[in-house]
Amino acid sequence: MSGPYVLKPDPLDARLSTTVTGIDQNGQSVETRVVTEKPLTLYLNAQEVVTMMTIGDHPDLLAVGYLKNQNMLTDDDVVTEIDYDDDLEVVVVRTERETDYEEKLKKKVRTSGCAQGTVFGDVMDGFETASLPADARLRTSWLYSLTKAINTTPSLYLEAGAIHGCVLCQEDRPLVYMEDVGRHNAVDKIAGWMMLNSVPAGDKIFYTTGRLTSEMVIKTVMMGIPILVSRSGFTAWGVELAQRAGLTLIGRARGKRFVALAGSERIEFDMDPATAEDEPEKSKRKGSLAAQ
């Protein structure tokens, strides 16, 4: 692996967690860190779209990525301004194009994502017409390098728990690592970073600590990323959608092991698993808790 992260978690950011005093199983006083959770109301131009629960970092990326993944922003849209007011807990995204999604906002579908993810009814229309590059590749040596690098990166999860992480990768290099109370928020932050920085998706790999649900598959496909990897397991609908979309879907990726249930033709077995390192105990703990 070469090169540092472009963007990664700052577990020491005092805004993202707080110390709470309680008692343990022996009745002894203990102090523990817990993640923050606060509302963020998103406006697109003059129209209120949604109120999300988030840890509060990168509100600009979360807002743009959410709108992009809900088909409210297109690749051709020009974002002219993003205003964030911490006191009012409001973020406003302004675009050159006039927008009016009043009818779209009436069609909402609650997803299985933690922290009550929401998608709008016509997102599946875009999913059905999405096309992923067939020539994208995933070498097993990259996969082993990525899982080791990501799971040993300092994170808010290791400090306080109760949070999910998502990482945008290219070959054996993790690029952008985002965390949030809902994995859909972490995905949207990465989508926002990609859109604002005009980052191509066809040669990227997406990694998540959470389950491979229909929501995760849909978002990855809509972002144009051909490979989705997780430490955790699968849902049947997530697998079915990945197979329909031609997405490479890899789960239970821990240490030397992984299982691919869709798109296995992209995988190049260039490394003997016996030569790969097993996970340290701390990483195993991270994976087991993140799957809950």
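**Exercise 1.** Work out how the lining of the largest pocket divides into nonpolar, polar and charged residues.

*Solution.* Start with the classes: Ala, Val, Leu, Ile, Met, Phe, Trp, Tyr, Cys and Pro count as nonpolar, Asp, Glu, Lys and Arg as charged, and the rest, Gly among them, as polar. Next, get the pocket itself: on a 1 Å grid over the protein atoms alone, it's an open set of points where a 1.4 Å probe fits, with protein on both sides within 12 Å along at least five of seven lines, and lining residues have an atom within 4 Å of a point. Now sort the 14 lining residues: nine are nonpolar, three polar and two charged. Lys68, Asp75, Met195, Met222 and Met223 lie nearest the centre.

One caveat: this is a predicted model, where local features need pLDDT of at least 70 and side-chain atom pairs count only at pLDDT 80 or more, while totals for chains, interfaces and linings use all residues. Numbering runs from 1 along each chain as its sequence is written, and side-chain values use heavy atoms, with hydrogens and water left out.

**Exercise 2.** Find which helix gives the largest share of that lining.

*Solution.* Take helices as DSSP runs (H or I, at least four residues), numbered from the N terminus; strands are E runs of at least two. Helix 5 (183-196) and helix 6 (214-223) each supply at least two lining residues. Helix 5 has the largest share, with three.
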